[in-house]
Amino acid sequence: MDGKSRHPGMLFKFEFYENVTGYSSLHPWPELGDKTLEIELKALMNAEVTPAFFRTMNYAQIDAESRFEGRNLFEGL
């Protein structure tokens with residue numbers, strides 16, 4: 001590989017409450033019908049929540065809850 005990703009994305013850190021932090025990526029696949037990362041970021045800069053960014057926030061919340069509870073989301077997989 002040449003070091004360039006064919007599917008660029010961004011990692012987000014969300015702080016839901018004090019000491020309750022979760023992480024999730026926005027990693028669109030236009031080939032599967034997602035908007036491009038550029039379009040997603042423009043929407044975010046305009047305070048628009050797209051379906052893809054809503055999923056990103058949801059996954060970050062799940063991550064934050066598991067971190068707060070000390071659960072490993074990958075346990076048992």
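I began with Asp 63, which forms a salt bridge with Arg 67; the closest N and O atoms are 2.7 Å apart. This is a predicted model. I checked the spacing next: Asp 63 and Arg 67 sit 4 residues apart in helix α2 (residues 51-69), about one helical turn. Is Asp 63 buried or exposed? I find it buried, at 12% relative accessibility; the cut-off for buried is under 20%.

I then looked up a pair in the other helix. Lys 42 forms a salt bridge with Glu 38, with 3.3 Å between the closest N and O atoms. Both residues lie in helix α1 (residues 37-45), again 4 residues apart and about one turn of the helix. Glu 38 is exposed, with a relative accessible area of 54%. Lys 42 is partly exposed at 46%.

I moved on to Glu 69 and Arg 71. Their side chains meet in a salt bridge at 2.6 Å, N to O. Glu 69 is exposed at 51% relative accessible area, and Arg 71 is partly exposed at 44%.

Last, the overall picture. I read the pattern β-β-α-α along the sequence, from 2 helices and 2 strands. The C-alpha trace spans about 35 × 35 × 20 Å along its principal axes. Of the 77 residues, 26% count as buried. The accessible surface comes to about 6200 Å², and 56% of that belongs to carbon and sulfur atoms.

Terms used:
Residues are numbered from 1 along each chain as its sequence is written. This is a predicted model: local features need pLDDT of at least 70, side-chain atom pairs count only at pLDDT 80 or more; totals for chains, interfaces and linings use all residues. Side-chain values use heavy atoms; hydrogens and water are left out. Buried means under 20% relative accessible area, exposed over 50%, partly exposed in between (1.4 Å probe, protein chains only). Accessible areas come from the Shrake-Rupley method with a 1.4 Å probe; for residues, only the protein chains shown count as cover. A salt bridge is a side-chain nitrogen of Lys or Arg within 4 Å of a carboxyl oxygen of Asp or Glu.
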